[in-house]
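Here is a friendly walk through a two-part story, told one region at a time. Keep the viewer open as you read.

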Amino acid sequence: MTVTRRSFLAGASASAAALAAPAIIGRAQAADTIKFVSILDQSGGLDIYGKPMVDTTRMAIDEMNAAGGLLGKQIELKVYDPQSTIQFYTQYATQAAAGDKADVVHAGITSASREAIRPTFARFQTLYFYNVLYEGGVCDLNNFCTGSTPAQTVEKLVPYTMNKWGKKVYIVAADYNYGQITAQWVQKYVADNGGEAVETEFFPLDVTNFGPTIKKIQAAKPDMVMSALVGGAHVSFYRQYAAAGMNKSVPIASTTFGVGNEHKLISAEEGDGMICSYSYFEEIDTPANQDFVARFKAHRGEDAPALNELAARAYEGAYLWAEGVKQAGTVERMPVIEALRTGISYDGPSGRVTIEPKTNHALQNVYLAELKDQAFNILEVYEDQPPTDTLLVCDLVADPNQSVFKFENGLEAAGIKI
Amino acid sequence: MDLVAAVGLQILYGIANLALISLGLAIIFGMMRVINLAHGEFLMLGGYTVVVAANAGVNIWIAMLILAPLVVGVIGVVVERLLIRWLYGRMIDTLLATWGLSLLFIGLVTSIFGASTATTISPPLGVISIGEYTSSAYELLLIGITAALGIAVFLALKMTNLGLVARGTMQNAEMASALGVSTSRIYMITFGVGAAVTGLAGGLLAPVTGVLPTIGSVYIAKAFITVISGGAAILAGTASASVLLGGVNGIAAFLTGPTIGEVALLLTAIVLLRLMPRGITGGIFRKSL
């Protein structure tokens, strides 16, 4: 057989059409459902945070689908488990953006994981939600950060506890960017309120023997300890602190204890009296929250884990995005971003959560609560708190073309005086 | 003065803590030259035994001192029979197999109990004061138990018939076998005892640490460094390496901070292994147990 130019062209165009066909079919299918991708650690050291978040995300999507979906379409939830490994985060982020062509991705627990994947979503123009409390400072049009930041929690917790316990504060924190920057916020708010941070100590995440530090705390004689410790190994601190009888004399305040349900991991007598601050507690006494907790228990069954800010905000984050889609009338990225930035709000279990357009962060209620018998008793509620820390350094209204993390090198580098 | 006493006690506790988490690994490594990468998970299983038993209403002392070593010891024997005995003399294969085993244990415990398990136990015993400093009486007890455990292992190896046979197998397995010793049985018992000691350690630490499926990974590195730094002799190696590394870590952590404390520990181990590649007991105390 001789190949003439005509037969070659005919064959080539036929095979080109065949190659193109799956892509066309793929796109047609994509239009039938809305793609919601979630990338959260369900194994490895961070699973105590990730698993409840996946549970509530699933519950939110199930509820939306049962109510007829969004814009008349069903939402397809795809969940990836990056196994507490940053490398898998970047891999799944690329898969979600380029492979799955996700309409929205809700992902990341640690700040390190967020910083690993945020540029990927900016590059592929995939709408990205980060629903975890963190140190503040992300300024990215494409990224909505719905969790609480230190200006919302630390700023309330520090004056309240200093007023109650005294002005000499000893700070213990986890040794990575979250702990370091949060410790700087604590130092700042302690100084702003006329107190003294007598010592700040950082702990690698695998430290389990806190004996030397407890002796140093006894020698420094502070009025209170402020903890930004993170993860399973650091739970040892609270136990050894109580074993040395210190919890009776020098009380602890924290904006990290409880968010991995640590208050269930230590016994009642070890934890009693600690004061913590988050934008959500399972014990919030409102009909909306009691209903949410009951639905979660029904959804997840008897062995449902305790709910915390991460789990509640993963749920509310999904609904905030849905509100944006409803208002925009489409799942297209830019219309949804614009709709969200009109100051959309959602009334969830934690109360009202409103998108703040200058920072793409959230106005939210902040609660102070005291631990008693492995449960939190709400002491104070501060409604609609703005993310003033990020507002100091970020204005997406004036300059929307930003995709940076302002606190990458600490607060002083960002021009904030401690 | 009070501060010196309080910090001294704290450093002693740090040393005992290191010895406690390493002893089980040292028994298995010293006797069988098997590196058990699932060691951290044996500790974790000991902790879970205590938490589950205490939540079910079992007396905490019974749970810690009897149930934890028993349960993990039995698991150890099963693991040895099903997995380890096929791999004797194949160091790399054992490493891989026990690593897989550690992942399996983490997965199993996570799927049974979830990512975290609520606990009701807190350290028994009260608080002791040294001047204006306070320490946990439980820490003092742990130091005592660690010392007692070391003495018990010493006596078992030195005084009993089984200990004699075990030491013989350790020195020359083929010769022991030729003399009619069932080395396979000795290995099984050794692995079981090593696992039981590890389970006891995990159980004893349960009231002062967090008990999570992934907590083993926190211990494994330190246990390893201690055992490798100590060298082949089970007791002298573990004891000398614990004193050195635990002491350096405790002093550095108190003087500077926990980050430098960890760095000092690792640096000491590196320098030590550079000078004595076979560990402390490869260089000095060579004839010891």
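Which residue of β3(A) is the bridge partner of Ile39(A)? Ala107(A) is that partner. Please keep in mind that this is a predicted model.

## Strand β3 of chain A and its neighbours

Strand β3(A) covers residues 104–107. On one side, strand β1 (residues 33–39) of chain A pairs with β3(A) in the parallel sense, over four bridges. The bridge between Ile39(A) and Ala107(A) belongs to the contacts of β3(A). Strand β4 (residues 128–130) of chain A also runs parallel to β3(A), and two bridges join them. Here Val105(A) has Tyr128(A) of β4(A) as its bridge partner.

In a regular strand, the side chains alternate between the two faces of the sheet. In β3(A) both faces are covered: Val104(A) and His106(A) are buried on one side, and Val105(A) and Ala107(A) are buried on the other.

## Two domains in chain A

Chain A is divided into domain 1, made up of 30–148 + 286–298 + 309–364 + 388–414, and domain 2, which takes 154–278. Taken over C-alpha atoms, the centres of the two domains of chain A are separated by 29 Å.

## Helix α5 of chain A

Helix α5(A) runs over residues 154–165. Its 12 residues should span 16 Å at 1.5 Å a residue, and its end C-alpha atoms are 16 Å apart, which agrees. The buried residues of α5(A) are Val154(A), Glu155(A), Lys156(A), Leu157(A), Val158(A), Thr161(A) and Met162(A). Just after the helix comes Gly166(A), with a positive phi of about 135 degrees.

## The loop between α2 and β2 of chain A

Lys73(A) is found in the loop between α2 and β2 (74–80) of chain A. Is Lys73(A) exposed, partly exposed or buried? Lys73(A) counts as partly exposed because it has 15 C-beta neighbours inside 10 Å, while a buried residue needs 20 or more. Beyond its neighbours within four places in sequence, Lys73(A) is in contact with Asp32(A), Thr33(A) and Ile34(A). Lys73(A) and Ile34(A) are 39 residues apart along the chain, yet their C-alpha atoms are separated by 6.7 Å.

Leu71(A) sits in this loop between α2 and β2 of chain A too. Leu71(A) is partly exposed, with 14 other C-beta atoms within 10 Å.

## Positive phi away from glycine

Most residues other than glycine have a negative phi. Leu71(A) has a positive phi of about 50 degrees although it is not a glycine. Asp384(A) is another residue other than glycine with a positive phi, near 50 degrees. Asp384(A) lies in strand β15 (residues 375–385) of chain A, and it is partly exposed, with 15 other C-beta atoms within 10 Å.

## A helix and a hairpin in chain B

Helix α2 of chain B takes in residues 39–55. From first C-alpha to last, its 17 residues reach 25 Å, close to the 24 Å expected at 1.5 Å a residue. The helix is mostly covered, with 15 of those 17 residues buried. Gly57(B) follows α2(B) and has a positive phi, near 100 degrees.

Strand β1 (residues 127–130) of chain B pairs with β2(B) in the antiparallel sense, over four bridges. Val127(B) has Ser136(B) in β2(B) as its bridge partner. The two strands form a hairpin with two residues between them, and Gly131(B) in the turn has a positive phi of about 60 degrees.

## Where the chains meet

The contact between the chains takes 42 residues from chain A and 40 residues from chain B. On the chain B side, the elements that give two or more residues are α1 (2–32), β2 (133–136), α5 (137–159), α10 (234–255) and α11 (258–275) of chain B. The most come from α1(B), with seven residues. By class, the chain B side divides into 19 nonpolar, 19 polar and two charged residues.

Technical notes: Residues are numbered from 1 along each chain as its sequence is written. Chains are lettered from A and ligands numbered from 1 in the order in which they are written. This is a predicted model: local features need pLDDT of at least 70, side-chain atom pairs count only at pLDDT 80 or more; totals for chains, interfaces and linings use all residues. Two residues are in contact if their C-beta atoms, placed from the backbone, lie within 7 Å. Ala, Val, Leu, Ile, Met, Phe, Trp, Tyr, Cys and Pro count as nonpolar, Asp, Glu, Lys and Arg as charged, and the others, Gly among them, as polar. A residue is buried if 20 or more other C-beta atoms lie within 10 Å of its own, exposed if 12 or fewer, and partly exposed in between; C-beta atoms are placed from the backbone. Two strands pair if DSSP finds at least two bridges between them. Domain bounds come from an automatic or database domain assignment. The expected span of a helix is 1.5 Å times one less than its number of residues.
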